Structure formats: structure tokens, C-alpha cells
Amino acid sequence: MANHQHAAPAPVGGSLVNIVTLSCGVLIALMAAILVVRFLFGLGAVTNLNDGYPWGIWIAVDVVIGSAFACGGFSVAMLVYIFNKGEYHPLVRPALLASLFGYTLAGAGVIFDLGRWWNVWNMFWPGSINPNSVMFEVAVCITLYIVVMWIEFSPVVLEKLGKEDARKKVSKAMFFIIALGTVLPMMHQSSLGTLLVVMGGQVHPLWQTPALPLLYLLSAIFMGYAVVLFESCLTSTAYRRKLEMQMLTPMAKIMLGILAVFIVVRLGDVIVRGALPKAFAPSVEALMFWLEMACFIAPLVLIGAEANRRNPARLFLAGILLMLGGALMRLSGFLIGYETGGDFNYFPTLAEVLVTAGLFAVEVLGYIIITRRFPVLPREDVQAAH
Amino acid sequence: MGTRRDFLKGVMAGGAAATACAVAVPAAARETRPRPPEALGLLYDSTLCVGCKACVAACKQANNNPAEFSTVDHLWDTPLDTSGYTFNIIKMYRNGTMDQKDQETNGYAFMKTSCMHCADPSCVSACPVSAMTKDPVTGVVGYNPDKCIGCRYCVAACPFGIPKYQYDSPTGRIGKCELCRHRHKDGHYSACAEVCPTGATLFGKTSDLLAEAKRRLAMKPGEMNRFPRGRLRPAQEKALQGKPEGKGVMMRAGWRDEPDQSYETPAGKYLQHVYGEKEYGGTQVLKLSGVDFEKLGMPDLPPDAAAALSETIQHNLYGNLIMPFAVLGAMTWVAKRNVKPEDESSDKEGN
């Protein structure tokens with residue numbers, strides 16, 4: 001049961017003005033300026049999108065990869081509430097916060113990319129929806145999940161505002177919200193993979209398979225844990241707090257278990273479909289495939305042994321590698337391994353990169369402000385140094 | 001140890017559920033859809049095409065599209081490919097000395113690029129808001145800008161690279177051939193077929209066009225034969241269907257009356273392949289050629305539509321929301337046991 005003795009969450013405190021928050025502010029301002037141009041003059045004014053590559057990094061990175069990076073909340077909540085591993089409870093709030101930002105921004109990022117954004121209500125209008133469309137399912141699930149996550153996170157805000165009654169009411173229904181918060185990401189993370197199926201032979205055989213939903217779901221789960229490893233290490237360093245090794249070490253083991261299953265499915269699928277020879281062709285795609293595989297296999301070597309999982313540097317590196325591996329698989333499926341024929345090329349413009357960076361900056365800035373002012377991270381005797 | 005066992009149980013249940021889904025897929029597979037029986041389409045015969053591009057100009061006019069320039073003088077509409085403003089284009093294949101038309105080496109050939117109006121279109125399956133639809137009777141794949149959210153999933157999904165987006169506009173639309181469905185009510189059919197001087201682009205019911213294509217494949221190359229122009233006339237349709245010609249037959253769909261424009265010309269040297277008969281589950285636009293279709297820019301596609309597989313996966317996982325609700329039920333039950341009301345104990349102590 002979840003009644004382990006943990007330090008209660010508390011605001012970290014400290015100043016909100018420092019080099020990191022200021023840099024974030026600059027990036028956000030740049031993004032805003034670019035978006036003004038985009039909405040006034042169209043997508044072509046700021047992006048390199050074309051009819052051979054109608055989806056660029058705003059979709060592949062901000063939405064597909066960004067939402068997978070935001071699976072920490074879902075992965076940890078599953079661990080704590082579904083598999084009843086109460087000892088991980090202190091990880092829930094920070095992971096949820098990062099997920100909340102990741103998803104909310106992925107949702108915002110979609111709007112930037114929609115060519116006819118004012119019609120977006122059709123996505124929820126019974127007379128317009130198309131249940132055959134994978135994107136319809138993804139969009140509805142992600143929208144619902146963003147709402148669900150805000151409710152999951154609301155006790156933190158209500159606690160800060162001193163609204164105890166409201167907080168108690170929300171808490172009574174929390175078990176259902178948490179259950180929804182595990183089912184919805186399972187649905188849309190798998191469907192983000194299924195999005196590619198209808199593109200058929202335009203997606204390189206190393207990334208086009210009916211197993212896409214399973215591959216994307218499994219990878220989203222271990223990427224969720226990888227992100228938590230990454231964030232915990234980073235937060236501890238930045239705020240000069242103790243590393244939560246007693247939680248991170250066993251969690252890394254669970255992550256490796258899911259990773260192992262994933263690798264078996266990933267390789268098995270490529271072999272069964274007879275696509276393996278494509279991985280040995282002299283092509284960019286083959287190189288990307290092995291880069292991706294290296295990122296998946298390296299963590300098994302790096303933290304495969306229990307002793308190595310107690311080493312924060314190794315955990316941090318393994319976390320980064322898995323985030324990278326999952327990101328590469330998505331980038332290859334959606335962009336690098338996507339080939340529609342004809343003489344189309346795509347490489348993002350600086351403006352596209354800046355918008356992606358700006359979204360990331362909103363996330364970092366929000367995380368800093370909220371952890372410093374709201375009770376998210378476990379209380380610690382040593383407070384933030386600055 | 002109890003929690004570990006719980007944990008493993010959870011993992012196994014999850015795995016079993018996932019496996020069950022994977023196994024269930026072929027069981028309820030959605031087949032690739034056939035064309036509607038009254039499907040309308042075009043037959044493009046590359047061997048008859050002279051590359052005059054009257055169809056490109058007529059398409060521009062019929063769809064109110066602006067000219068696109070690829071030359072410095074900006075005098076003529078010279079699009080190099082279909083785009084958000086160009087729904088139909090004639091492309092040219094050139095090889096070596098270009099001595100002979102419809103010849104692969106040292107020859108040249110033309111190819112029309114426009115929407116194929118798939119029997120089971122990927123764009124329609126992909127569109128989340130039903131802005132891209134397939135008419136249940138005519139099978140025309142139409143676009144509705146008032147619903148379109150501009151996500152461009154249709155652009156990404158189409159194996160022919162047909163729906164295109166207007167990136168230069170803040171209110172950009174998707175542009176594609178809709179077989180001039182807006183002109184049908186006035187008795188007009190596809191403008192490209194109406195103006196084609198050689199009958200290289202022919203309008204009609206796809207089933208008749210397929211029969212016409214097979215009739216041409218059976219011809220001896222160089223032998224004089226009669227070729228229809230514009231659209232297939234009722235008498236020609238009946239002949240192709242193997243029925244005796246009758247009088248007073250209602251003209252289907254009320255096309256405007258026009259004189260028989262068929263003419264005699266030597267038959268081309270065809271590849272024995274009707275492109276679009278089987279590709280991706282079949283298309284309503286069919287093509288004949290003397291040069292390999294892939295060389296002319298038509299992709300080599302499998303006989304099944306990707307939409308069928310995509311929707312099979314989608315509906316096995318989410319059909320009627322049975323599985324999501326089952327998983328939600330299980331998760332709620334487990335969470336109810338594991339979530340202490342509030343998690344208060346730990347939260348309160350700190351405050």
C-alpha cells in the first residue's frame with residue numbers, strides 16, 4: 001500500500017530569475033514572433049514544409065516525440081497505483097508535472113501546424129468526426145488526457161491555494177481519474193504509431209509494420225521511465241538535492257524489463273516481415289536503424305548489472321540513450337524513412353527549430369516556476385542554494 | 001514479496017491483453033473495398049496523348065485556379081507538378097535521342113497526373129473530420145474546405161501524392177481533382193476529358209472504361225481502330241457491356257448531349273497492364289501506356305489498400321470502445337484498491 005513514509009512535497013523556493021529562466025524567456029519571445037508571421041502569412045512563410053513532406057518537426061518532434069517524452073507521468077502512475085509500488089510515490093508529482101507540460105504543449109504545437117486551425121472544432125463535432133481515422137482517435141485521446149492530467153495535478157494547486165474542501169472532493173474521485181490517466185495514454189501512444197500504417201509503402205519497411213501500435217506503446221512506457229531518470233538526475237543537480245537512488249535503481253530494472261520485451265518485438269518483427277536485409281543496405285535508413293538499435297541495446301550493457309544501476313551517471317546516460325532511441329524510431333518513421341516519391345526534400349528552417357525550442361523552453365520555465373512555488377518535489381532539509 | 005507478485009501479475013495481464021489484440025487482428029480484418037458499381041472515372045491512354053496540355057488549361061479554368069509559373073517571363077501557366085493550385089498536369093518521359101513516341105529507350109511518352117479516385121482511398125480513411133469523402137454512388141473523392149482543419153494527413157497518406165496543400169496562404173486549402181463534380185449538375189463532365197482532342201482522356205463509368213481499356217489491349221498495334229472522345233456514349237457503353245443497342249435508353253446521369261466524336265486511328269503498342277485495375281484495391285481512373293508505368297511516375301503498388309490494414313488495426317483495438325472500456329474497468333478496479341483516499345497520510349504530515 002501507498003503509506004510508505006515519504007517526505008511530503010513542498011515548494012523548493014528560491015529566485016525565479018536566473019540564467020536558465022531568462023534564456024527560456026528569450027526563446028519563448030522568439031517563438032511568439034515566428035508564430036505571428038506563421039499565422040499572418042501561412043505555413044510556407046516560416047517552414048520548409050512541402051507536399052512531399054507535409055509533416056515536419058512540429059509534428060514529428062513536438063507532438064510525436066514530445067508526447068512520448070511526456071510519458072513519465074503515465075509510466076510512474078502505472079507503477080505506483082496499478083502495480084501498487086507505493087515506494088515510488090514521491091516520483092509521481094514531478095513526473096506528472098513534466099507530462100502535463102509536455103502534453104499541453106504538444107497540443108498547442110498541433111494548433112501551430114494546422115493549416116485551417118479555426119475548423120478544429122470539427123474534430124469533436126459528431127457530424128464531422130471520422131472514427132476510421134487514426135488521427136481522430138489520437139486527437140480525442142490526447143485532448144481528454146490533457147484534461148485528465150490537469151485534474152490529477154489539481155490537488156497541488158488547490159493545496160497551495162488552501163482550498164482544502166475542493167481538494168478533498170477531487171481526491172475522492174482520484175482513483176478513477178488515475179485509471180483514465182493510464183488508459184488514455186496507452187490508447188494514443190499506440191495510435192501515434194498506427195498513424196503511419198495508412199501511409200503504406202511510403203514509409204520505409206524498417207518502420208512500417210502492423211506491430212507499430214505495440215512498438216510505440218512499449219517504447220513510450222520505457223521512455224517515460226527514462227525521462228524520469230533524466231529529470232530526477234537533472235533536478236537533483238540543479239537544485240542541489242539528494243538523488244533519489246533508492247527509487248531510481250529499482251525503477252531502472254523495470255525499465256530494462258520493458259526494454260527487453262520491446263527489443264524482442266522490434267527485431268522479431270523486422271525479421272518475420274523479411275525486412276532485415278534492408279538494414280544491411282548501404283542507405284541512410286539502415287544507418288538510422290542501427291543508431292536506433294544501438295541506443296536501445298547500450299542501456300542493457302550500461303546498467304544491466306545491479307551494481308551499475310546504483311551509479312547515477314550510468315542511470316542518467318541510460319535514460320538519455322533510451323529517450324534518444326525512442327526519438328530516433330519516431331523521427332525515422334515520420335521523416336527520415338518517409339519517402340513519397342518525386343524530388344521532394346525537407347530540412348527544418350531555423351524558424352521551425354526555434355518554435356520547437358520555444359515550446360521546450362515553456363516546458364522548462366513552467367517546471368522551474370511550479371517546482372519553486374508549488375508543492376511538487378519532496379521536502380528536503382537542504383533547500384535550493386539560490 | 002506480495003507486491004512483486006502483484007506487479008508480475010499486472011505485467012502478464014497486460015502482455016496477454018496485448019497479445020490478444022495482436023492475434024485478433026486478422027480475425028476481423030476489414031477487406032479492401034471495391035469500387036461502387038456506378039463509379040465514375042477517367043481512362044487515360046498515354047499512346048493517344050499528344051501532350052497538348054489542353055486538359056491542364058481546362059482544369060485550371062473549371063476549378064478557378066490561378067496560373068503557376070516556372071519560367072522567368074511569367075507569361076504562361078507552367079506548373080511542373082500538381083499543387084494546391086494545379087489539380088491536373090501532363091508530365092513527359094524522355095530517354096536518349098527521343099526518336100520514337102511511347103518507346104522506353106531513345107523515346108518519349110506522356111503521363112497525366114491527377115487524382116486516381118481510389119476505390120478505398122487512404123485520404124478518406126486518414127481525414128479525422130470527414131472533409132475528404134467518397135461519394136457512395138459515383139465514388140468521386142471530394143473535399144470540403146469548411147470542415148478541413150489543414151492537418152495534411154491526407155497529403156501524407158496518399159500513395160500517388162495527390163492531395164496538395166496551399167502553403168503560401170494563411171487560409172490554405174487542400175487542392176485535388178474532384179472529377180469536376182461541381183459541373184455534373186449542369187450536364188458537364190470532367191473538363192480534362194471534355195477538351196481532350198485525341199480521346200487520350202476519356203470520361204465514363206469505370207466498369208465501362210475498364211472494358212474499353214481491355215478492348216484496346218486486344219488490338220493489334222498499328223491496326224486502324226475506332227476510339228471514342230470526350231465521354232463514352234450510351235451506345236458505346238452498351239456495346240462494351242455486350243448488350244444489344246436499344247432505342248430510347250435514358251442517358252445516365254443526364255450528361256449534355258453532344259455528337260459522336262469518335263475517330264479512327266492506328267492502335268498503340270500497349271503494355272498488357274491496365275494501371276488502376278488492381279493497384280491499391282483498384283482506382284476509378286485507369287491508365288494505359290506503352291512505357292513502364294513506374295518510369296512514367298506511377299508507383300508500383302500492392303493489390304490491397306493501406307486503409308484496410310489501418311482501419312483493421314484501429315477497429316480491433318478501439319471498435320465500439322469495447323477494449324478501452326474493459327481496460328479502463330480493470331484499471332479503475334485496481335486503482336480503487338491502491339489509491340488511498342487522498343494519499344493523505346503522507347501529504348498532511350508535511351504541512
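**Labels and what backs them**

Modeller: Let's start with one residue pair: Arg94(B) has Tyr108(B) as its bridge partner in S4(B). Keep in mind that this is a predicted model, where local features need pLDDT of at least 70, side-chain atom pairs count only at pLDDT 80 or more, and totals for chains, interfaces and linings use all residues. Residues are numbered from 1 along each chain as its sequence is written, while chains are lettered from A and ligands numbered from 1 in the order in which they are written.

Biologist: What makes S2(B) and strand S4 of chain B paired strands?

Modeller: Two strands pair if DSSP finds at least two bridges between them. S2(B) and S4(B) (residues 107-113) are joined by 6 bridges and run antiparallel, so they pass the test. Strands themselves are DSSP runs of E with at least two residues, and helices are runs of H or I with at least four, numbered from the N terminus. Chain B has 11 helices and 12 strands.

Biologist: Why do strand S2 and strand S3 of chain B count as edges?

Modeller: The open sheet has 3 strands in the order S2-S4-S3 (chain B), with mixed pairing. S2 (89-94) and S3 (100-101) each have a single partner strand, so one side of each lacks a neighbour in the sheet.

Biologist: And the sheet with S9, S1 and S12 of chain B: what is its strand order?

Modeller: S9-S1-S12 (chain B), again an open sheet of 3 strands with mixed pairing. Strand S9 (201-205) and strand S12 (286-288) of chain B have one partner strand each, so each is left with a side that has no neighbour in the sheet. The twist averages 20° from one strand to the next, the angles running from 0 to 180 degrees between N-to-C directions of axes fitted to C-alpha atoms, for helices over the stretch in contact.

Biologist: How do you know which way S1(B) pairs with S9(B)?

Modeller: S1(B) and S9(B) pair in the antiparallel sense over 5 bridges, and Gly41(B) stands opposite Gly204(B) in S9(B). S1 (residues 40-45) of chain B is joined to S12(B) by 3 bridges, running parallel. In S12(B), Leu43(B) has Leu286(B) as its bridge partner, and Asp45(B) has Leu288(B).

Biologist: What makes Ser130(B) buried?

Modeller: A residue is buried if 20 or more other C-beta atoms lie within 10 Å of its own, exposed if 12 or fewer, and partly exposed in between, with C-beta atoms placed from the backbone. Ser130(B) has 20 other C-beta atoms within 10 Å, so it makes the cut-off. Ser130(B) is in the loop between helix H3 (122-126) and strand S5 (132-134) of chain B, and its phi is positive, about 55°, although it is not a glycine.

Biologist: Why is Tyr280(B) also called buried?

Modeller: Tyr280(B) has 27 C-beta neighbours inside 10 Å, so it counts as buried. Tyr280(B) is in the loop between strand S11 (263-266) and S12 of chain B. Phi of Tyr280(B) is near 55°, another positive value in a residue other than glycine.

Biologist: How much of S1(B) is buried?

Modeller: 6 of its 6 residues. Leu40(B), Leu42(B) and Tyr44(B) point one way, Gly41(B), Leu43(B) and Asp45(B) the other way, and all are buried. Across chain B, buried residues make up 44% of the 351 residues.
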